[in-house]
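Here is a short briefing on one protein structure. Look over the sequence and the model first, then read the points below.

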Amino acid sequence: MSGLVKGWCPGALRPMETADGLVLRIRPHGSRLDVEQACAIADLAEAHGSGLIDLGTRAHVQLRGVRAESLPALHAALAGLGLLDPDPRAEARRNILTTPVWRDDETPRLVAALEAALDAAPSLPPKFGFAVDTGERAVLGGASADIRIERSSQGLILRADGMALGEPVTAETAAPRAVGLAHWFAAHRGGITRMARLIATGLAPLRPATVPPLTGAPLVPGTTPFGLCLALPFGQMEAKTLRAIAVAPLRLTPWRSVLVEGVAELPVPDGLIADAGDPLLRVAACTGAPGCASASVATRDLARRLAPMVPRGCTLHVSGCAKGCAHPGAADVTLTGREGRFDLILNGPAGGEPLARDLTPDELTGHLRGHLAPYL
Ligand code: SF4
């Protein structure tokens, strides 16, 4: 089927095939949906997909279980909402994560300028992305991005991921300089796909980087000065949940949460988390079986069952296979599915060296209790 590609990085114009239908990824401008867009996406998820909506670590929205014959209608609707790029190349390039904690500042203007400037960007690897992190403090340092526009004590800076310091820029020069840095990366990268890895080779862009960003902590669920922050367990919600919280514009975060802009309180729909102490926030789990063809085990029900055993400050990752999509880094305990059973890895990623192998879900409880005991 033309226009469909296999791979981990789908778009709206290039959906990804999975075991439970197509995954169609929408990239909201400024990592934000207005009320009309959010309600329409909920309707589209129900009309053309499974009704399940994912929120990814780059603040993208994904519709699951989409039928191929629905694509023309979906594309027409997304175009009407201002959420469709003119072509797959432009869509892939518009990989911009925006801070959720901006307030009456130049952030929206910077995002628009960067989107326009990307027309002149070189060809970049699929995971390569930009962050506009220009609230009072930069909060996206732990989120995936290669070129960052941030706030410093001296004004705006442009920072290559992997460098501690950035070069001073203005609201006018930030976007063209970001594209200039992308050209520098493209010219020097060889086979390297991410900025931090290129910087780690000892190369540095020519312009002087002299200023550190002002940094702040990521948002946690609950009432914040910017609105109500609600977390999505495993980064997923039902369409009716999205509709229920779309009482104001929604700012999408890379921490699998949604900020309901300017709203202090809201009846929290079932399936969302407004309490930063909820144990489900300590657990990551991918789609697993049967939704992902690479998985031989179900993941999320097990993760829900095990979550109450995970102490504060600890993390548990239940992965359908060694790829580790839900949590690419290390967790305190990782359970990786293999041939219908689980391997247990301590302080490592899903593909790490197991401490115990071939465990059944029932055997896991005892093992987990033992390994987490030192943290209790
Ligand atoms: S980690 Fe493996 S099983 Fe889980 S979603 Fe990724 S590819 Fe599928």
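**Strand 15 and its surroundings**

L250 has V260 of strand 15 as its bridge partner. This pairing comes from a predicted model. The points below start with the strands around this pair, then turn to the domains and the ligand.

**Pairing of strand 15**
- Strand 14 covers residues 250-252 and pairs with strand 15 through three bridges. The two strands are antiparallel.
- Together, strand 14 and strand 15 make a hairpin, with four residues between them. In the turn, R256 has a positive phi of about 55 degrees.
- Strand 12 covers residues 227-231 and also runs antiparallel to strand 15. Five bridges join strand 12 and strand 15.
- L230 has V258 of strand 15 as its bridge partner.

**Burial of strand 15**
- Is strand 15 covered on one face or on both? Both faces are covered.
- S257, L259 and E261 lie on one side, V258 and V260 lie on the other, and all are buried.
- In a regular strand, side chains alternate between the two faces of the sheet.
- Strand 15 spans residues 257-261, and five of its five residues are buried, so the rest of the structure largely encloses it.

**Domains**
- The protein chain divides into domain 1 (16-88 + 227-261), domain 2 (101-200) and domain 3 (279-375).
- The centres of domain 2 and domain 3, taken over C-alpha atoms, are 34 Å apart.

**Ligand surroundings**
- Residues around the ligand include C286, C292, C321 and C325. K323 is also among them.
- By type, the shell around the ligand holds five nonpolar, four polar and one charged residue.

How values were computed. Residues are numbered from 1 along each chain as its sequence is written. This is a predicted model: local features need pLDDT of at least 70, side-chain atom pairs count only at pLDDT 80 or more; totals for chains, interfaces and linings use all residues. Side-chain values use heavy atoms; hydrogens and water are left out. A residue is near a molecule or strand if one of its heavy atoms lies within 4 Å of it. Ala, Val, Leu, Ile, Met, Phe, Trp, Tyr, Cys and Pro count as nonpolar, Asp, Glu, Lys and Arg as charged, and the others, Gly among them, as polar. Domain bounds come from an automatic or database domain assignment. Buried means under 20% relative accessible area, exposed over 50%, partly exposed in between (1.4 Å probe, protein chains only). Two strands pair if DSSP finds at least two bridges between them.
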